[in-house]
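Dear colleague,

Please find below the structure that I am handing over to you. My findings follow directly after it.

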Amino acid sequence: MLSAEGLRHAFGTGGERVVALDNVSFSLEAGQTLAIFGPNGAGKTTLLKVLAGLIRPDAGRATVAGGRGAIGWIGHQSHLYGHLTVRENLLFWAALYAVPAAIRASRADATLRQLGIADRAEQAVWSLSRGLAQRAAIAKALIHDPRVLLLDEPFTGLDLAAAAEFRALLARLQGAGRVVVLATHNVGEGVALATDVAFQRRGRFVHFAPRGARGPAQIADEYRRAVGEREGEGEADD
Amino acid sequence: MSLAQKGRWIALLGLVLLAGVYVRALAFTPLERFQGPAQKIFYLHVPAAWSAMLAMGLVGLCSILYLIVKDARFDRFAAASAEVGTAFSLVMLTTGPIWAKPIWGTWWTWDARLTLTLFLFFLFIGYLLLRGAVAEPGLRARYSAVLGICGLVLLPFIHLSVYLFRTLHPQPIVLKPSSPSLPGSMLVTLLVSFAVFTLLYVGFVTQRYALALLREAQGREHA
Amino acid sequence: MTDLLRQAWTVARKDLLLEFRTRTALVSALVFTALVLTVFNFGRDPTAVATIDLAPTILWVTFTFAAMLALNRAFQLELENQALEGLLVSPLSRTSLYWGKLLANLVFVALVEAVGLPLFVLFFDVPVGRVLLPLVGVIALATIGFVAVGTLFSALVIRTRFAELLLVVLLLPFLVPPLIGAVQVTARLLGGRPLSEAAGWFRLLAAYDIGFVALATLLFPFTVDE
C-alpha cells in the first residue's frame, strides 16, 4: 500500500550540502505501523514529505496507494485558518479532499465528536488553547478517512494526558487496515503502537525490522547503539 | 585548455577585434551625412543592444529547457547569460545618451531601442535579484526559470507597446540596422561589429559559466 | 475541468471568507487608494496642466500600486496560517490553487477599484458617465493582466527575504504593457474620442491577458512545490 524505492535527496550544494535521504527503500502493507526513530536532522521529515508528495526526491520513487487523497498528515504546521471556525476549517478541507458534499457536515460532526471537541465547533481556531487546537489539527487530518497516516513528531507539545489520549486514538485507527508511519526522536512515544521499527541516521535506515516482542527499553537501547547518540540530540534541523 | 581559459581567449580575441572595429569605424568608415562623427557610436550601440537581446533570448530558452529536463547546466548557462546581458545592456544604456546628446540635444529619448534595452536591463536585474534572494540551488533554478520564461514572453509585448506608443507620438527616428539605405562600407562595419559583439558574448558567458562551475566544485571540496 | 474549477472556487471562497472576516487588508487597500489619489491632487499644478490630461495617468498609477499591495496577501495568508503545506499535501491540483488565488485576488482588486473609481471621479471631477461601460471594460482587462502575472510572482517570492519589495521589483516591468494600453484607452474614452481609435490597444490588452493567464497557469506548478 505504501512503498519507497531507492530514495535519495539532498539539500544545498557545496559546503552546505546536507544528505537527507540516502538510499531508503521499504514497503508497508495495510495494518502495519512503522515507527521511525532518529535524531533531529536524520531526514525523518524529509522522508515523510517525499511519501506525501511534497518533495520530489533527487532519485528513487515513493508510491502511496490512492495518492494524496488517501493520506492524512499531522506535522509541525497546523493547517488551520485562525479566523475560521473549527467547523469551517473542516468543511474546507473536506471539500478539497473530495468528501461528497452531502456527507461533509455529518462527517465533520462525527470527527469533532471523535476528538472530543464537538462543543468548540463554532469557535475560531485562533481562540483555542494549544491542546484543543492540536485536536482540531488532528480532526483535519482525519476528516477524509485516510487509509494512510503520516505523522511527523505528533507528540510535540502534548502533555501526558493528551499524549495518552492520542495514543489511544491511534490504536483505534490502526486497526481498520490503515498504514501508519510515525516519525519521532523520542523512542518512548511511538514504540508501543508500532508493528515495525526503523532507526534513521543521516538519511539512512540503519535498522528496519518488525518490532516483535521487543519492549521500549530494549528498543531504546538498540537505538542508542545503532544511532550512536543519545535521544533528543541531533545535528541540524530536518 | 580549461573552459575558463577558452573563454578568456575568446573574450580577449573579441576585445582585440573590438578595437579593430573602433579603428575601422573611426578612420575607415565614411561620415554619415546628417549626424557627423557622433553617429559612429551607432556601430557599438546597436550591436550591444543586439547582444543584450541575444542574452535574454538564451536566458528564456535555457529556462524552458531547464524546466523540461532539470539539467543544472541550463540553469548555470542562463545565470551566466543574464549577467553578461546586464553588462551589455548597461553599455548600451550609457552609449545611448552619449549619442543622443549631440544629435538630439537631450540625454535620453524614449526611442524603441533604448526603451527595449531599458526593459531588458530591468528584467535582467530582477532575474539576478531573485537568484540572490533564494539560497537553495534547486529552488533557485526553478524560480529563475519561471521568471526567465515570463521575461522572454514579455518582450514582444514591450516591443508592440512601444511601437503602438510611438506611432502616436512620433519620436526621433532611429537608424534601423538592416536599412537598405546604408552604404556598403558602413554596412560592413556594422556587420563586423555584430560579429565581434557576438564573439564577446560567447567569451564572457563561457568565462562566467566556468566561474560558476569552479565555485560549485570548490564548495563541494569544502563539504 | 469542472473539478478544477470547483476546487479553485473552494480555495477562492475560503480566501474571500477570511478576507471579510478580518477586513484588515481590504480596508488598508481602500485607504491606500484614497491617500494616493489625495497625494496626486497635491502633486500637480492645476493651472499648468488640465486635469483631463493627467487623469488617466493618475487613475492607472493608483490602480497599479493598489493592485501590487493586494497581491502579497494571497500566499502570505497561507504562510501566516501555516496552511500552505496543507494545501500542497492535499489532492488540490496546483492549477486549481493558482486559479483559486487568481479569482480571490481579482475580486479583492475589483472591490478596491470599485471604490477607487468613484473617488477618482469625485476628486478630479472627471466626466465618466457616458463612457462608464467601456471604461469598466478596460479596467477589467488591465486588471486581469496585472493580477495574472502578479499572482504567479507572489508565489515565487514567498520563500525569499524582503518578499514584498522583491515582488514589486520583479512585477513592474510586466505591468507596463497593460498599463500603457489602459492609459491610452482611458485617455481616449475621457476625451470623447471614438472607440475605434483605441482598437489596437484593446487587442494588446486582450492578447496580453490571454497570453499571460495561459503562461502563468502553465508555470505555476513550478513555483509552489518545495
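**Helix H2 of chain A and what follows it**

Just after H2(A), A:Ala98 takes a positive phi of about 60°. Please note that the model is a predicted one. A:Ala98 is a residue other than glycine, and its place is in the loop between H2 and helix H3 (101-115) of chain A. A:Ala98 counts as partly exposed because 15 C-beta neighbours fall inside 10 Å, whereas a buried residue would need 20 or more.

**Chain A against chain C**

The contact between these chains takes 22 residues from chain A and 18 residues from chain C. On the side of chain A that touches chain C, strand S5 (71-74) and helix H2 (86-96) each supply at least two residues. The largest share, three residues, comes from H2(A). By class, this side of chain A has 13 nonpolar, eight polar and one charged residues.

**Chain B: overall build and one helix pair**

Chain B has six helices and zero strands, and its pattern along the sequence reads α-α-α-α-α-α. Of its 223 residues, 40% count as buried. Among the contacts in chain B with a separation of 6 or more, 82% are accounted for by residues 24 or more positions apart.

Two packed helices are described by the angle between their axes and the distance between the axes. For helix H2 (residues 42-69) and helix H4 (residues 112-133) of chain B, the angle is about 40° and the axes are 10 Å apart. H2(B) is therefore oblique to H4(B). The crossing in which H2(B) passes H4(B) is left-handed. H2(B) contributes B:Ala49, B:Ala52, B:Met53, B:Met56 and B:Val59 to the contact, while H4(B) contributes B:Arg113, B:Thr117, B:Leu120, B:Leu123 and B:Tyr127. By class, the contact of these two helices has eight nonpolar, one polar and one charged residues.

**Chain B against chain C**

Here 24 residues of chain B are in contact with 22 residues of chain C. The elements of chain B that give two or more residues to this side are H4 and helix H5 (137-168). H5(B) gives the most, with 15 residues. By class, the side of chain B that touches chain C has 21 nonpolar, two polar and one charged residues.

**A positive phi in chain C**

Chain C also holds a residue other than glycine with a positive phi, C:Gln82, at a value near 55°. C:Gln82 lies in the loop between helix H4 (73-80) and helix H5 (84-89) of chain C. With 17 C-beta neighbours inside 10 Å, C:Gln82 counts as partly exposed.

With kind regards

Note on methods. Residues are numbered from 1 along each chain as its sequence is written. Chains are lettered from A and ligands numbered from 1 in the order in which they are written. This is a predicted model: local features need pLDDT of at least 70, side-chain atom pairs count only at pLDDT 80 or more; totals for chains, interfaces and linings use all residues. Two residues are in contact if their C-beta atoms, placed from the backbone, lie within 7 Å. Helices (H or I, at least four residues) and strands (E, at least two) are DSSP runs, numbered from the N terminus. Ala, Val, Leu, Ile, Met, Phe, Trp, Tyr, Cys and Pro count as nonpolar, Asp, Glu, Lys and Arg as charged, and the others, Gly among them, as polar. A residue is buried if 20 or more other C-beta atoms lie within 10 Å of its own, exposed if 12 or fewer, and partly exposed in between; C-beta atoms are placed from the backbone. Axes are lines fitted to C-alpha atoms, for helices over the stretch in contact, and angles run from 0 to 180 degrees between N-to-C directions. Angles under 35 degrees count as roughly parallel, over 145 as roughly antiparallel, 65 to 115 as roughly perpendicular and the rest as oblique. A crossing is left-handed if the near helix is turned anticlockwise from the far one by less than a right angle, and right-handed if clockwise.
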